[in-house]
Amino acid sequence: MIEEDLIRNHDTGVNPFKTPDGYFDSFTTRLMERMGHEGLIEQPAVQQKTEAIVVKMNPFRRAIRYAAAAVVAGVCIAAGTYLYTHQSNAEQALIGEGFEIAMSDEDLDDALDYEMDYEILNNSQIAYYLTEAY
Amino acid sequence: MSTKWNEQQIVELLRDANRREQAFTLMVDHFKEQLYWQIRRMVLSHDDADDILQNTFIKAWTGLDGFRGDAKLSTWLFRIANNETLNFLERKRQTLSIDDEAAVGVAASLESDPYFDGDETARQLQEAIAQLPAKQRQVFNLKYFEEMKYEEMSEALGTSVGALKASYHHAVKKISEFFSQLD
């Protein structure tokens, strides 16, 4: 048809109509939600996305919060450092008196037994051990 | 992995009262784009097309009991969409005076439409089509853009093949005259 050819000369052949991004992807969901609101179907079991309400913090308040966090962190670090060094000093003191801090309880019992075996007892000590329920 | 359902499977599912809602969402997914573009070419505006498309499916849902299955599901949905579109255009025509229609101009309104990406040629074509009576415009769109066969169109629109051919012929003649006057 000649007239149709005339039309095609004025037709780019490309669909000029566009849709918003994601329109078709979201259409069915939106439709079902609308039908739920209108009572045409049971409300779809869609978890309502509750968006977190973002409250812009006052810059001054934000600075205070950062400072508080820094103080807490500093206290934690200081306490940890104190405990670490204090414990180390205590360990050092004990080591200086001849105590083996690293010994297990079992080893310590064995060592004491050994000491007891080889302790030189006087007569009164011997008598004590023989008569007392030990 | 999503399963692709064909029309017949959706119809079978629609008959099951316990799975009707599931079937309905499948039906919407299956036909939404095809129906959207048929509506959009008629009403031009995306927002209007979106409203009409939603109303089409809502009408389909409420009228599911009346769907006997003797016509194809696509044909049945198309008829609902067609009626919704024509009713919309009639309401719009009645709310606008003749002067308003002439003054606004389709090409001018499309130029400012964010969802129309065509150039001057595309706008002129739409302006030419818009001057046709609604039913004639529909026949032209279905035949020219959708390349729908007359037999299929006859079933969808409930109009004889002969009447459709005549309607298309008149539409093409008017549009070509429009361009002849421009050139």
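Helices (H or I, at least four residues) and strands (E, at least two) are DSSP runs, numbered from the N terminus. By that rule, chain A has five helices and zero strands. Its pattern along the sequence reads α-α-α-α-α.

This is a predicted model: local features need pLDDT of at least 70, side-chain atom pairs count only at pLDDT 80 or more, and totals for chains, interfaces and linings use all residues. Residues are numbered from 1 along each chain as its sequence is written, chains are lettered from A and ligands numbered from 1 in the order in which they are written, and side-chain values use heavy atoms, with hydrogens and water left out.

**Chain A surface.** Chain A has 134 residues, of which 10% count as buried. Buried means under 20% relative accessible area, exposed over 50%, and partly exposed in between (1.4 Å probe, protein chains only). Chain A exposes about 11400 Å², with 57% supplied by carbon and sulfur atoms. Accessible areas come from the Shrake-Rupley method with a 1.4 Å probe; for residues, only the protein chains shown count as cover.

**The interface.** Chain B puts 44 residues in contact (heavy atoms within 4.5 Å) with 28 residues of chain A. The buried area is about 3400 Å², and carbon and sulfur atoms give 69% of it. That area is the accessible area (1.4 Å probe) that two parts lose on being put together, summed over both. In chain B, the residues losing the most area to chain A are B:Q54, B:I58 and B:Y144, together 17% of what that side buries.

Polar contacts follow. Eleven residue pairs meet this way across the interface, both at pLDDT 80 or more. The rule takes a pair of N or O atoms within 3.5 Å; within protein, one must be able to donate a hydrogen and the other to accept it, and residues adjacent in sequence count only if both atoms are side-chain atoms. On the side of chain B that touches chain A, α2(B) gives the most, with eleven residues.

**Salt bridges.** One crosses the interface of chain B and chain A.

| Pair | N to O distance |
|---|---|
| A:R30 and B:D50 | 3.9 Å |
| A:E38 and A:R34 | 2.8 Å |
| B:E146 and B:R41 | 3.8 Å |

A:R30 lies in helix α2 of chain A and B:D50 in helix α3 of chain B, so the pair joins two chains. A:R30 is partly exposed at 28% relative accessibility, whereas B:D50 is buried at 12%.

Technical notes:
A salt bridge is a side-chain nitrogen of Lys or Arg within 4 Å of a carboxyl oxygen of Asp or Glu.
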